[in-house]
Amino acid sequence: MALNAISYLLPEGLDLGGLKKILAESNHFSEDAPVTVKQTYYDSFDWRIWQAGGELVHGLDQPNQLCWMDRKKFSVVVCQGVDSTPGFADDIPDGPLADRLTAVLAMRVLLPKVNIIQKKHTLRILDSEEKTVVRVVLEKNRYTAVRGKQKGELEGRVVLKPLKGYEDQFFKFKQQLAALKLRPAEQSLYEDALVGIGQKPGDYSSKLNYRLDPDAPADATARQIMIGLLNTLEANISGTKANLDSEFLHDLRVATRRTRSAMSQIKGVFDPQQLEPFKQGFGWIGKVTGETRDLDVYLLHYPDFRAGLPKVIQDDLDPFHTFLQQHHKKAQAELVKKINSPHFRKTLKAWRSWLQSSPTKSGHAPNASRATAQLADQRISKLYKRVLKNGLAIGPDSPAEQLHDLRKQCKKLRYLMEFFQSLYPKPAIREPIKALKIILDNLGEFQDLEVQAQSLEDFGDQMLKEGAPASSLMAMGILVGQLLEKQVQAREAFVELFAGFSNESNRQAFRKLFGGA
Amino acid sequence: MHIIGVYNIKGGVGKTATAVNLAYLAARQGYRTLIWDLDPQAAATFYFRIQPKVKGSKNKLIAGKVDLDKVVKATDFENLDMLPADFSYRNMDLRLEVAKKPTKQLLSLLRPLSHSYDYVFLDCPPSISLVSENIFRAAEGLLLPMIPTTLSLRTYKQLLDFLEGHRITGLEIMPFFSMVDRRKRMHLDVMESLQASSGELLKAQIPYASDVEKMGIHRMPVEAFAPRSFAASAYQALWMDVQERLR
Ligand SMILES: Nc1ncnc2c1ncn2[C@@H]1O[C@H](COP(=O)(O)OP(=O)(O)OP(=O)(O)O)[C@@H](O)[C@H]1O
Ligand SMILES: [Mg+2]
């Protein structure tokens with residue numbers, strides 16, 4: 001039986017020194033010299049470790065140790081030595097912790113969240129042979145922000161640590177502490193420290209999660225949605241500029257796209273004339289962020305591209321990687337300039353102040369004061385009908401353009417359903433979103449593979465001009481062939497997938513939720 | 001999991017001192033380490049202040065009958081656990097004889113622990129027996145402390161013959177000099193003759209040092225009570241050599 005350590009808080013009127021005195025009366029222990037350690041907690045920007053039930057701490061007992069803790073049990077799950085500050089999962093030496101991190105983080109980088117300066121004083125409870133049978137650690141903890149000056153004291157803690165093979169003594173000691181009215185801490189030290197710096201774990205997520213009022217006027221709801229998207233967009237700016245990982249830019253672009261979709265799809269709630277400059281502004285943001293994102297995608301795919309080639313020519317692809325990295329560097333520098341430009345800043349600033357201003361009544365916004373729920377039903381069912389009609393019209397010989405258009409409509413429909421999901425019963429709304437996602441994945445693959453194959457050819461041309469070896473171009477040629485082959489498969493799968501999406505039971509589910517056809 | 005046996009047919013050559021100190025150093029490096037005291041004399045167990053008794057071990061230390069994990073005890077040191085000695089080991093040879101694969105019992109016993117530990121040190125009793133053969137077959141490396149005397153050379157050759165005779169291959173033999181007294185002519189002579197002839201010999205040597213004897217008073221590894229001593233740095237050098245060899 002593996003026992004976990006228990007973290008206690010002291011009762012009113014008892015401090016660590018007082019506790020030590022009481023313990024000395026009825027226990028035989030020796031004291032280690034107090035030591036002060038600095039621990040830094042890490043997570044991705046979007047708290048993936050936390051969401052997976054963990055806490056990741058660097059320097060728990062030893063300075064170079066990275067440990068995954070179970071945040072509910074407060075226990076160490078797995079530790080690994082690291083020689084540099086944690087970053088990407090790929091850079092952590094192979095081992096069980098690296099495996100776990102790779103699965104949880106994917107492409108996200110680890111960022112320091114908060115530091116804890118811990119002064120530990122360990123009492124070792126001894127048996128008649130002077131053998132340690134239980135460890136009691138008296139902890140004084142302080143937190144400091146990673147950036148900025150926030151810092152402060154945390155409540156003292158007493159940690160009871162079991163030793164394997166000495167379970168009986170551990171239980172006895174636990175009773176002793178309970179009798180002294182120590183109570184097990186409900187929050188981990190990390191949570192305490194986050195409270196200290198005013199952060200809430202999970203406070204950022206790229207997922208849409210609005211709580212909407214079904215009776216609120218539609219224009220107010222639209223603003224609420226758009227402000228949420230703007231917050232997401234802005235939260236990702238500094239990470240995008242620093243290129244901490246590729247997901248910042250991705251989330252920034254998704255927020256941009258969703259904003260544009262909201263502008264056009266939550267129809268008739270604002271005066272189109274007032275909206276026009278913002279539509280253009282966000283269109284511009286979408287455009288200037290595109291190239292870097294494309295290159296990010298190729299870089300993310302690169303390991304798969306390489307692995308998909310026959311072993312003997314895998315190395316031939318390396319110049320393509322160098323090419324991507326160089327171009328990415330350029331594109332990123334260009335992107336930073338754009339983000340720092342007055343136009344970028346002014347666009348967001350003007351948008352926020354427009355969203356926060358009191359709505360100006362306008363005859364050109366017929367839906368402004370309609371109830372949110374009503375407008376949501378109407379817009380979703382209308383778009384759904386269009387998707388159905390256009391999707392069913394696609395046969396094996398329909399031109400690619402038709403599928404690309406359908407993809408755009410499906411995306412709009414998906415965004416609408418996600419914006420408004422809180423208005424519908426929770427388990428029921430998940431089904432159509434999931435069903436639509438299957439279609440979107442297929443259409444996305446169909447289009448992306450085509451674009452990728454085309455880009456790869458363009459890259460090849462450029463590389464040729466830059467003097468790349470013929471072997472690289474041949475390897476890329478094989479890759480293009482593979483991509484196009486997969487694209488054909490995606491195309492072939494579409495009709496059947498769409499038949500599934502448009503079957504009677506799915507249609508009924510849509511009707512039941514959103515009314516209409 | 002790396003299994004390292006510390007062995008010599010001869011008694012009193014520094015086997016236990018080696019196992020205890022190296023296991024401590026491995027654990028301090030962050031490796032999850034287990035030391036198994038296979039000697040009924042229980043010297044290693046004594047050094048860690050643990051009571052030499054394995055719960056419910058009467059007649060049962062045969063693979064499949066006992067879960068080693070249940071008898072493991074934490075030492076006072078982070079990452080370092082111990083399988084304490086048991087007086088019933090006295091009869092271990094007899095029990096191994098009746099087991100199904102008598103020479104592979106130790107390995108099967110250790111197998112379930114392979115995900116829990118990075119290093120396992122086996123502190124072996126002197127003599128050649130079925131227990132020793134089990135150790136040779138379980139271990140990846142065999143550390144052989146030798147006092148530099150002509151007699152030790154002979155026992156070393158004996159061991160090599162035994163291994164060859166029993167077709168035990170793939171075991172990394174790591175002899176090294178232990179309890180070296182540089183004031184003794186014979187020590188110097190023997191070391192010189194072996195250094196020239198044996199490529200397997202580890203470079204590090206453990207000197208004859210009173211700090212090693214004091215382990216019995218402090219009841220802990222040298223490094224833990226005399227980290228700056230000559231003996232402590234000798235064990236560090238030895239541990240580096242071993243890691244190098246097993247890489
Ligand atoms: N390097 C050393 N210098 C001085 N004394 C030593 C040294 N190494 C071991 N000793 C002492 O010699 C005695 C035997 O050492 P140890 O128990 O390590 O040998 P062993 O080979 O395990 O013996 P056994 O065969 O009885 O198990 C102990 O009293 C120990 O303190
Ligand atoms: Mg011994």
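Start at the interface of chain B and chain A, where the rule finds four salt bridges (a side-chain nitrogen of Lys or Arg within 4 Å of a carboxyl oxygen of Asp or Glu). To see one of the salt bridges, select Asp76(B) and Arg124(A): their side chains meet at 3.6 Å, N to O. Bear in mind that this is a predicted model, where local features need pLDDT of at least 70, side-chain atom pairs count only at pLDDT 80 or more, and totals for chains, interfaces and linings use all residues. Residues are numbered from 1 along each chain as its sequence is written, chains are lettered from A and ligands numbered from 1 in the order in which they are written, and side-chain values use heavy atoms, with hydrogens and water left out.

The area buried between the two chains (accessible area, 1.4 Å probe, lost on being put together and summed over both) is about 1300 Å², and carbon and sulfur atoms give 35% of it.

Then jump to ligand 1. Show the 17 residues around ligand 1 (a heavy atom within 4 Å); Lys15(B), Thr16(B), Ala17(B), Pro207(B) and Ala209(B) come nearest. Zoom in on the backbone: an N or O atom of Gly12(B) lies 2.9 Å from an oxygen atom of the ligand, and one of Val13(B) lies 3.0 Å from an oxygen atom of ligand 1. Over at Pro207(B), a polar backbone atom is 2.9 Å from a ligand nitrogen.

Last stop, colour by confidence. The model scores ipTM 0.84 and pTM 0.80.

Technical notes. A polar contact is a pair of N or O atoms within 3.5 Å; within protein, one must be able to donate a hydrogen and the other to accept it, and residues adjacent in sequence count only if both atoms are side-chain atoms.
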